[in-house]
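Please look over the sequence and the model shown below before reading on. The briefing that follows takes up a sheet, the helices beside it and some aromatic residues.

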Amino acid sequence: MQMEIAHCSKPDNLKKAMSMAEKTLLSGADIIVFPEVFSTGFCYEGLSDLAEEDPYPTILRFLEFSKRTRCAVIGSIIEVQFHKNVPVYYNLGFCVEHGKLAGVYRKCHPFKQEQNYFAAGNSIHPISLERYGVKIGLEICYELRFPEVARKLVLEGADLLVTVAQFPHSREHVWRTLALARSIENQIPHIACNLVGSSSTSSFFGGSVIIGAAGDVLAEADDKECTIMHSIDTANTDKVRSYIPVLSDRRADLY
């Protein structure tokens, strides 16, 4: 779900996200993916007002939505936790399905300025979507540059890699190259969802892409707000891995 985000405007962004999701479901989607911090953008000046505590109002809205529509939703929001009354903020990835919170993931690699505002998560594990019988390997933006993240998720049984991001125009070529590389080197389908539009400091090119386990591009977006869709056959992953057995040929004794 390639969105343009209104900076710091949670009501507008959620209204748009819901509208786009409803339309996508009419086309037959089962899993909906939104960009990084899609409900607010990186609204550093409004963190105290916009960050959410458990049970997370934004996630609750999508729990209700997913229950009504029998789908799964993946994205990230700004979270706040209080430690001795001191607020600590995280970039919180989430997966919901059919009215249940399947799992969350806190971004472990905040990028540059983010490090001044967000704490780093300290746990990387796949999230199970029980209805679909798949494990989601969720990573957030900058983490696309860390092959160790995707590899750990795959070695722990991830069936589908999902990256939610805000990659700017200046790194468009990096985005596509790394999205393909993470799929090819792990022989795993990959949904990489990026932002379009602009913020006060950057502009965003979109380029969201759905990639098969063999590194084949199944669907790709341009630089406009849009939805791309494609069926993903996770059973094909075994065929790809048996033909070129990268994972079984790893030398774990050496690296």
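What is the order of the six strands in the open sheet? The order is β5-β6-β7-β8-β11-β12, and the pairing in this open sheet is mixed. The model is predicted, so local features need pLDDT of at least 70 and side-chain atom pairs count only at pLDDT 80 or more, while totals for chains, interfaces and linings use all residues. Residues are numbered from 1 along each chain as its sequence is written, and side-chain values use heavy atoms, with hydrogens and water left out.

**Sheet layout**

- Strands (E, at least two residues) and helices (H or I, at least four) are DSSP runs numbered from the N terminus, and two strands pair if DSSP finds at least two bridges between them.
- β5 and β12 (217-220) stand at the edges of the sheet with a single partner strand each, so one side of each is left without a neighbour in the sheet.
- From one strand to the next the twist averages 20°, where axes are lines fitted to C-alpha atoms, for helices over the stretch in contact, and angles run from 0 to 180 degrees between N-to-C directions.
- Strands of a sheet pair through backbone hydrogen bonds, either parallel or antiparallel.

- Strand β5 (residues 127-129) runs antiparallel to β6 and is joined to it by three bridges, with Ile-127 standing opposite Ile-136 in β6.
- The hairpin of β5 and β6 has four residues between the strands, and Gly-133 takes a positive phi there, near 65°.
- Six of the seven residues of strand β6 (residues 134-140) are buried, which leaves the strand mostly covered; buried here means under 20% relative accessible area, exposed over 50% and partly exposed in between, with a 1.4 Å probe and protein chains only.
- β6 and β7 pair in the parallel sense over five bridges, and Leu-138 has Val-162 in β7 as its bridge partner.
- From β6 the chain crosses through helix α4 (residues 147-155) to β7 in a right-handed β-α-β crossover, a term that applies if, with the strands pointing away from the viewer, the path from the first strand over the helix to the second runs clockwise.
- A further bridge partner in β7 is Leu-161, which stands across from Gly-137.
- Helix α4 packs on the sheet, touching β6 and β7, and its direction makes about 165° with that of β6; contact means heavy atoms within 4.5 Å.

**Helix α5 and strand β8**

- Helix α5 packs on the sheet as well, touching β6, β7, β8, β11 and β12, and its direction makes about 160° with that of β8.
- With 15 residues, α5 reaches 22 Å from its first C-alpha to its last, close to the 21 Å expected at 1.5 Å a residue, the expected span being 1.5 Å times one less than the number of residues.
- Among the buried residues of α5 are Val-174, Trp-175, Leu-178, Ala-179 and Arg-182.
- Gln-187 follows α5 and has a positive phi, near 50°.
- β7, helix α5 (residues 172-186) and β8 make a right-handed β-α-β unit, in which strand β7 (residues 160-164) pairs with β8 in the parallel sense over four bridges and Thr-163 stands opposite Ala-192.
- β8 pairs with strand β11 (residues 209-211) in the antiparallel sense over three bridges, and Ile-191 has Ile-210 as its bridge partner in β11.

**Aromatic residues**

- The count comes to 12 aromatic pairs, where rings of Phe, Tyr and Trp (its six-membered ring) pair if their centres lie within 6.5 Å, and planes under 30 degrees apart count as stacked, over 60 as edge-to-face and the rest as tilted.
- Phe-167 and Trp-175 form a tilted pair, at 5.2 Å centre to centre and with 50° between the planes; Phe-167 counts as buried at 4% relative accessibility, and Trp-175 is buried with a relative accessible area of 1%.
- Ring pairs also link Phe-34, Phe-38, Phe-62, Phe-65 and Phe-94 into a cluster.
- Tyr-44 lies in the loop between β1 (31-33) and α2 (47-50) and counts as buried at 16% relative accessibility.
- Leaving aside neighbours within four places in sequence, Tyr-44 is in contact with Gln-113, Glu-114, Tyr-117 and Phe-118.
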